[in-house]
Amino acid sequence: EYVLDKMDMSKGGKGGLIVNTASLAGIGPGLSRESACYFVAKHGVVSLTRTLGTDRFLRETGVKVQCICPSFADTAILGDIDDTDALRSAVNKYGTMTPEYVAQAFFKLVTRCKTGTALVVMKGVPPFVYGDLTKEWTLFLGAGSKLFNAVFSSDVFTTQHMFIFLAMLYVILVFVIYILI
């Protein structure tokens, strides 16, 4: 808050850029009970970035807010983590990046991405924006829940129902495309 107040153009600041460091842990489930606090904290970093990273906030304060979400990088932090089966499995799955690789993605974030962006960085994959589709996805699933309740008297729209709903939409889409062609 202190730094943000100093940057805030409406309070005499010059505006600026805040880049938060989350990690891949900020967009996925935890690896184990022991890592739960870390994952919760990183989810909070992504949420803070998206909360402050709005066009309105940028207009009002002149401050752009973004975050970078790297997977595993070859730094001292990685050496400080307790070596567990879950960690070894995740490192094997995602690989270990050099700090320079993450720095290149950081440069792309600050020069090419808009405010509120959460940029995922993984070894061997071009960096990509992890978009926030929470509102749209919630409305979509709400529509599916209403449909399932009306057709099947389903009082809880489960993950299994969601897959059936998506499959039904896919079949309808293929049918419509077939008719149009």
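Reader: How many bridges join β3 to strand β4, and which way do the two run?
Author: In this predicted model, 3 bridges join β3 to strand β4 (residues 125–129), and the two run antiparallel; strands are DSSP runs of E, at least two residues long, numbered from the N terminus, and two strands pair if DSSP finds at least two bridges between them. Residues are numbered from 1 along each chain as its sequence is written, local features need pLDDT of at least 70, side-chain atom pairs count only at pLDDT 80 or more, totals for chains, interfaces and linings use all residues, and side-chain values use heavy atoms, with hydrogens and water left out.

Reader: ok, and what is the bridge partner of Leu-119 in β4?
Author: That partner is Val-129, while on the β2 side 4 bridges join β2 to β3 in a parallel arrangement.

Reader: Is β3 mostly covered or mostly open?
Author: β3 is mostly covered, since 5 of its 5 residues are buried, where buried means under 20% relative accessible area, exposed over 50% and partly exposed in between, with a 1.4 Å probe and protein chains only.

Reader: Which residues sit on each side of it?
Author: Ala-118, Val-120 and Met-122 lie on one side of β3, with Leu-119 and Val-121 on the other. In a regular strand the side chains alternate between the two faces of the sheet.

Reader: New topic: where is Ile-172, and why does it count as partly exposed?
Author: Ile-172 is found in helix α8, and Ile-172 counts as partly exposed because its relative accessibility is 49%.
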